[in-house]
Amino acid sequence: MTVTIVTRVRERALSAPTAVAMRRKDLGIWQEIGWAGYWEQVELVAHALLALGVEPGDRVAVHSENRPEWLYADLGTVAVRGITVGLYPTNPPAEVAYLLADSGAKILVAEDQEQVDKALAVLDECPELRHIVYLEPRGIRGRYTDPRLMSWPELLELGAGHRSRHPGAVAARMDAATPGDVMTLIYTSGTTGPPKGVMLTVRNVEFAVKTLVTGGGFTSPPPSDRDLAVSYLPLCHVAERAFTVWFNAASGVQVNFAESIDTVQANLREVQPTILFGVPRIWEKVLAQVDIRRAAATPVKRATTRFWLRVADRIGDTLVRTGGRHTTRTRLMYGLGWVFCYRALRERLGMRRVRYAASGAAPIAPDVLKFYMGIGVPMHEVYGMSENTAVATANRPGRVRLGTVGEPHPGVELRIDELTGEILTRHPGTFAGYWGNPRATADVLEPDGWLHTGDVGEFVDGGHVRITDRMKDILITAGGKNVAPSQIENALKASPYLKEAVVVGDQRPYLVALIGIEPDTVGEWARRRGITYTTYRDLSEKPETRELVRGIVDEVNERFARVEQVKRFAFLPKELDHEDGELTATQKVKRAAIAKLFEDLVEGMYTR
Amino acid sequence: MTAPPGVSGGRSRRVRGRPLLYTSYAQDMALLDTRGKRIWTGVLVAAAFAVSVLLADRSLEVLAVAYVLAIGAIGLNIVTGYAGQVSLGHAFFVAIGAYTAAALSGPPGGETLGYGLAEIWIWLPAAGLVAAVAGVLVAPLATRLRGLYLAIVTLGLVFLGEHVFKEWKELTGGPGVGREAAIPQLFGYRLDQDGPLGTKEQVLYLLMLSLLVVFAVAARNLARSRVGRAFAAIRDRDIAAEVIGVPLTRYKVLAFGISSFYAGCAGGLLYCVSGYVEPGSFNLLLSVQFIAMVLIGGVATVSGAIAGALFISLLQPVTRALPALVPVISGDTTQTPNVFQVETVLYGLLIVLFLVFEPRGLFGLWIRARNYWKSWPFSY
């Protein structure tokens, strides 16, 4: 029998039926879901999918925020040897159409009226879509008459009926599973072109589980059923899928679903997770929040916090030198600071009990990581991508090297192309190919199994890997110098006042930057100085704001070589948005789109 | 939505070290929801009991009276603080309790009424119930009147009561004479005499403290129940409360009934310590004292009422010592200014100061201090 995440859940349901598998907040209470309850739902969904005629290899799409039903649908699909396709809740209708049509999904699980509307609007483009299952009936029941619609309870009822008629059907399907079965399509964010569906097989995911979860590739000691995690990033992303679904199924980590992305801070405080994964944007945002809120505190609190954060900075410096291991001195300083500041601060941030924190999915400024290390949150930068099932490198506890993405996991072959500097990986987690796109597959996957990551990097001190930038993003200035814009951008974004920074300068005499301010922090800053403003754009265009940003840019410039300095900058007139095609679903900037949209701004900086 | 699977209503596990993670409403509503609260409340109660062997008898007497007043203050807080019905008639209900208890426990065939039922478990509930009946009879007024008008009407009760008790000599012994108060006897043991358990003051102190704990816990439980929420709804906006389905009349009657029950019990116990009750003591000043306890302690909090009662009671020994320190103030009631006048002025002044500067009372001060540290290192 092939071990899959579904058999793992079934096993837990038998061995620990009442232990907590996950919690969801409902009417103010964290409702617990036990392993037996989890498995029951997965089985019902699987039976229902059989009843709806899902054959091995059929695609089931899920378009929802993180919630238990996401997992039920995902595992139910895998149980009947189907393929789960995740859609970002923020995907606009056009992208929904593309993803549904490209994957050829037969069944769509849509969260609410908003997502159902998107699907209904593009039905003509998705001929293979036969059923739409909605989770929240509000606004749909009794008003929509499309015969393809079906509520979640109806789906479960269908499953219950099928189970009583064919009790062993799902078990039989599960037994027939092979390691080569594709179990999910993870769509790349598509910064440069249309998203591509990364096919991950049972073998890939099992390798990732063995390496990252049960093998303790990230945490030390490996995660267990005593660990808590908060699930809040989109589950269609490989990182969140690993930290939520795979950690949960393989190690029994208790998953707590945040109510929404806006309540993450409050939910973190309540749950106080032990394992916390975040993308750079989240870590930067939390840091900015700390700055705003301590500036608004009473003088005594402000002074104490300022002092202890300065101490934390020193502790962080030492930890950076030692790779994350405390010295007697830092331990003593930290102990004192813990009493006066860090304990309370971490409690407020929801990181009091975090024993492992990770940042990944995009590059992050080392200063941000150092802040968390200083206040005692064990922060680790990790690296991986959908194409290698998120398995590549990680900073291991006690061997952290700031500015690098860590060392390759055991069992992972990683080399750097001598000619281009590109990072290549090879291991059993390498994907089976892009869905319906063998040409794109051939571009990144060598016949001998090496995967082109598209990232340029180098080895630091033999073991750790430092990533310079995405290959496609490397700029070559008119002077012929290669410049990695993301390092400059991240140095800029480490400031709490800046949200976006896009460095431009390909084939140009010097570098310029398009800058988007962080409205929360700059707004608070303006309020304290008595600067009145109306809109985001108005705030950006204030001379005082320009002065503030000028200072930040100058400071960052000092750290870079002359050719890498940002000579001029302009403000983005609006906040970048997924809906408008400026960001991908994962909030990554689409450079080409930005360069085109704000062409006049960029040109203005070169002609003046 | 179907019910989430695997959730059973009765199961209630706390997740270790996560005080804000509630997995059931029972946890959310728990009186002592964190380990810190459990420990500190335990320590506080243990310390209060330990005081009985540590302090001198004179101080224990003051504290025992303070605890009884606290029971009365909690009662007033139920009707005025939680349900928002201003009552100046609390002294009236206290008086009813005091005389019911005294009459029931008094020796038969004496100068004043007496039925010889000295067992505390008979006369204490009886005192409460008779007062509660009186409260229920008065309550219909409250359903028609609001705010100041209700205050004036309940004020009338005090004068009515004062008159009746002065004239009804068979029960009260008449003004200036008085009668002996309720006799606390438990299973044949007189608690107001020195015995194997300790001195009279020690025994009474422990009795009053235990009763206070019982009454306080009962009031806290009431406040977090459906009834307590209905009271709060009526206080915050009676029309809105009615719209969401709170029967106003029933809950106002209930509030007066429960409040009067507390007042009656406090009345029965109040004079056990001195052993003597005089009808003139149930005047407006007593009502104002209770109001002061509630306002200074903290409106709509049980711990505030207790703090207020302790504050006012401990203020008395201080003011009584004033004539020795400030010669202008006399200890004699016939001269002006005397300590009693100073006391009255002080109550008024304290009420005004608290209402202006800290409307949430002593409890508000505590909340302020607690929030300062709770929000550390931020301000919110």
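The model is predicted: local features need pLDDT of at least 70 and side-chain atom pairs count only at pLDDT 80 or more, while totals for chains, interfaces and linings use all residues. Residues are numbered from 1 along each chain as its sequence is written, and chains are lettered from A, with ligands numbered from 1, in the order in which they are written.

**Domains of chain A**

- Chain A is divided into domain 1 (1-177) and domain 2 (474-607); such bounds come from an automatic or database domain assignment.
- The centres of these two domains, taken over C-alpha atoms, are 41 Å apart.

**Helix α3 of chain B**

- Helix α3(B) covers residues 57-82; helices are DSSP runs of H or I with at least four residues, strands are runs of E with at least two, and both are numbered from the N terminus.
- At 1.5 Å a residue, its 26 residues should span 38 Å, and the end C-alpha atoms are 35 Å apart, which agrees; the expected span is 1.5 Å times one less than the number of residues.
- Look for a kink of about 30° centred on Leu76(B); the bend at a residue is the angle between axes fitted to the seven residues ending there and the seven starting there.
- Because 21 of the 26 residues of α3(B) are buried, the helix is largely enclosed by the rest of the structure.
- Buried means that 20 or more other C-beta atoms, placed from the backbone, lie within 10 Å of the residue's own.
- After α3(B) comes Gly84(B), with a positive phi near 75°.

**Strand β9 of chain A**

- Five of the five residues of β9(A), residues 197-201, are buried, so this strand is largely enclosed by the rest of the structure.
- One side carries Gly197(A), Met199(A) and Thr201(A), the other Val198(A) and Leu200(A), and both faces are covered.
- β9(A) runs antiparallel to β8(A) (residues 182-187), joined by five bridges; two strands pair if DSSP finds at least two bridges between them.
- Within this pairing, Tyr187(A) has Gly197(A) as its bridge partner.
- β9(A) is also antiparallel to β19(A) (residues 433-434), with two bridges, and here Met199(A) stands opposite Gly433(A).

**Where chains A and B touch**

- In chain A, 33 residues are in contact with 18 residues of chain B; contact means C-beta atoms, placed from the backbone, within 7 Å.
- On the chain A side, β2(A) gives the most, with six residues.

Note on methods. Buried ≥ 20, exposed ≤ 12 C-beta atoms within 10 Å, placed from the backbone. Contact = placed C-beta atoms within 7 Å.
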